Amino acid sequence: MTKPTSTTTAAARKLWQFHGGLHLPDHKSLSCEQPIQPAVLPKRLVLPLQQHIGAPAKPIVEVGERVRKGQTIAQPDGFVSAALHAPTSGTVVAIEERAVPHPSGLTAPCIVLESDGEDRWVELQPHGNWTTLDASELRNLIREAGIVGLGGAGFPSFIKLNPGARTEIDTLILNAAECEPYITCDDRLMRERADEVIAGARIMRHALHARRVVIGIEDNKPEAHAALRDALARVDRSDIELVQVPTRYPTGGEKQLIKVLTGKEVPSQGLPIDINIVCHNVATAAAVHRAVEHGEPLISRIVTVTGRGVATPRNLEVLIGTPVDDLLRQCGGTTPTLSRLVLGGPLMGITLPHSGLPITKTGNCILALAPGEFGQHGPVRNCIRCGECARACPANLLPQQLYWHARAKDFDKVQDYNLFDCIECGCCAYVCPANLPLVQYYRYAKTAIWAQARDKKKAELARERHDFRTERQEREKAERAAKLAKKKAALEESPAADSEEAKKAAIKAAMERAKAKREAAGVEPKNTDNLTADQQRQIDEAEARRATEKKNESANERE
Ligand code: SF4
Ligand code: SF4
């Protein structure tokens with residue numbers, strides 16, 4: 001039920017609650033006081049061609065080519081795709097399959113860049129006066145800069161900044177919640193670069209023609225809140241509203257934050273734009289500012305390296321493609337108690353099979369966990385049907401049913417229970433007394449359904465191709481048969497060629513036809529028609545003789 005709550009903001013703004021959610025130990029103090037430091041320039045960077053939702057980018061460089069920092073090295077391949085840029089200057093040493101951040105240790109095509117240590121930029125094209133650019137020009141700049149959602153989803157940002165000609169955007173929400181425990185990269189960004197966040201929000205608003213902008217920040221980040229408030233005051237942006245929301249996991253989920261700030265529900269399997277709202281992360285806003293006003297493509301991001309399994313937790317500004325190993329080393333290395341490395345937070349992150357994997361555009365946190373540090377409880381037992389998972393689910397789902405049907409591979413049923421509304425927040429698994437790895441089952445079911453859909457599409461395409469081929473073959477066969485039948489009928493209608501009578505009749509008919517033709521043309525037949533040259537000469541000589549004789553006869557008569 002939608003229920004207004006009292007607000008914790010200075011301005012008395014009505015807020016709402018979403019169903020479920022959890023108050024969790026946040027462990028943010030491990031890293032939140034650590035200012036952003038630049039990560040050490042790595043010797044080699046591994047850049048997966050797919051670091052976003054959609055199609056992988058297409059390489060436009062070759063092995064052996066020297067590139068500069070910020071140079072485009074792979075172009076978007078299709079509409080839902082994002083460009084990739086060299087994070088530093090150096091040489092492309094390979095374009096090949098490499099292990100990428102994925103729980104299964106999957107490989108995928110990557111560009112491998114060897115740094116020359118000089119970090120030389122390509123020439124940049126800043127657009128300080130971006131207010132003169134129209135929305136589509138801004139979206140193009142953002143597309144060319146390879147910006148994707150930095151909050152974790154990795155959707156190409158220019159698409160989310162394009163509402164379409166007929167959709168009016170009421171509210172642009174900037175997501176500053178950073179609700180997952182341990183992660184503090186957005187907190188540090190807002191504290192240290194609040195002006196960049198506000199500048200990005202203004203550009204995004206301009207691109208969307210949004211009626212208003214609301215920044216939603218959890219109330220456990222008072223320093224970041226103050227920094228944003230001061231930045232707003234500096235540019236006199238009273239039209240951008242800054243709202244503190246209660247700390248409750250997962251308030252940073254797009255649908256949950258929209259509910260808290262506006263009271264509106266995004267429809268099941270729908271998008272915020274369906275209710276005229278667009279939501280972007282604060283780090284994405286800062287990246288948009290750098291792309292437009294400084295001409296800098298997305299080549300780095302802030303990463304929180306934290307957990308009790310690392311010696312000195314920190315926030316580092318990391319070049320995309322930097323190996324996790326390098327970051328751990330810069331944080332004093334791992335402790336002997338390290339039990340698990342996670343990319344992302346403890347609830348939504350993925351366990352990394354090893355530390356040699358690269359940081360991608362969506363990698364906001366490296367979490368080095370010690371045994372039993374967070375949600376790592378005892379052995380897995382059978383479900384006791386306690387219903388705790390349903391009480392905690394912020395998407396108002398029935399996680400227990402989803403689990404049963406996913407486990408039974410009943411993919412129709414699991415969709416009946418709205419599997420695709422699951423945001424994989426992990427609340428259900430966190431509270432489950434049976435320690436069931438519920439989210440893993442949901443991810444498995446989603447992957448299997450996507451694979452089935454892909455196979456179905458492929459099979460449909462193959463069937464269409466087969467039907468088309470069969471139809472063409474049958475059509476050609478029918479055409480050939482019709483031609484043959486026509487020829488046969490013509491032969492049957494014509495007189496038999498081998499009968500003597502028929503031959504005579506045919507000759508007579510031909511002569512009659514020729515005669516009729518001549519008569520029609522008014523030409524009488526002559527026996528001197530169609531003479532050879534010799535015949536003509538003989539005729540001419542006879543005519544000459546006849547003329548001479550006639551002449552002689554006339555002369556004799558006169559005498
Ligand atoms: S919380 Fe765990 S044990 Fe309880 S109903 Fe849900 S899945 Fe079953
Ligand atoms: S992971 Fe999915 S099912 Fe579990 S609580 Fe979150 S949204 Fe609900």
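Biologist: At what angle do α1 and α4 cross?
Modeller: The axes of α1 (residues 135-144) and α4 (residues 194-208) cross at roughly 130 degrees. Axes are lines fitted to C-alpha atoms, for helices over the stretch in contact, and angles run from 0 to 180 degrees between N-to-C directions. Helices are DSSP runs (H or I, at least four residues), numbered from the N terminus. Keep in mind that the model is predicted: local features need pLDDT of at least 70 and side-chain atom pairs 80 or more, while totals for chains, interfaces and linings use all residues. Residues count from 1 along each chain as its sequence is written, with chains lettered from A and ligands numbered from 1 in the order written.

Biologist: And how close do the axes of α1 and α4 come?
Modeller: Within 8 Å.

Biologist: Which residues of α1 and α4 make the contact?
Modeller: On α1, A135, L138 and R139; on α4, I203, H206 and A207. Contact here means C-beta atoms, placed from the backbone, within 7 Å.

Biologist: Which residues of α1 are buried?
Modeller: L138, L141, I142 and R143. Buried means 20 or more other C-beta atoms within 10 Å of the residue's own, again placed from the backbone; 12 or fewer is exposed, and in between is partly exposed.

Biologist: What do those buried residues of α1 pack against?
Modeller: Three helices: α2 (157-160), α4 and α7 (282-293).

Biologist: Which residue just after α1 has a positive phi?
Modeller: That's G146, with a phi of about 70 degrees.

Biologist: Different pair now. How do α3 and α5 cross?
Modeller: α3 (residues 185-192) and α5 (residues 222-234) have axes that come within 7 Å, with a crossing angle of roughly 35 degrees.

Biologist: Who meets whom between α3 and α5?
Modeller: α3 brings D187, M190 and R191, and α5 brings E223, A224, A227 and L228.

Biologist: On to the ligands. How many residues surround ligand 1?
Modeller: 15, and the closest are C383, C386, C389, C432 and A434. To be near a ligand, a residue needs its C-beta atom, placed from the backbone, within 6 Å of it.

Biologist: Which helices supply at least two residues of the ligand 1 shell?
Modeller: Both α9 (388-392) and α10 do. The largest share, three residues, comes from α10.

Biologist: What about ligand 2, how many residues surround it?
Modeller: For ligand 2 the number is 17. C393, C422, C425, C427 and C428 are the closest.

Biologist: Which helices each supply at least two residues of the ligand 2 shell?
Modeller: α10 (399-407), α12 and α13 (438-493). The largest share of the ligand 2 shell is from α13, with three residues.

Biologist: Last topic, G426. Where is G426 found?
Modeller: In the loop between α11 (411-416) and α12 (427-431).

Biologist: Is G426 buried or exposed?
Modeller: Buried, because G426 has 23 C-beta neighbours inside 10 Å.

Biologist: What does G426 touch?
Modeller: L347, M348 and V439, if you leave out residues up to four places away in sequence.

Biologist: And how far is G426 from L484?
Modeller: Their C-alpha atoms are separated by 72 Å. Along the chain, G426 and L484 are 58 residues apart.

Methods
Two residues are in contact if their C-beta atoms, placed from the backbone, lie within 7 Å.
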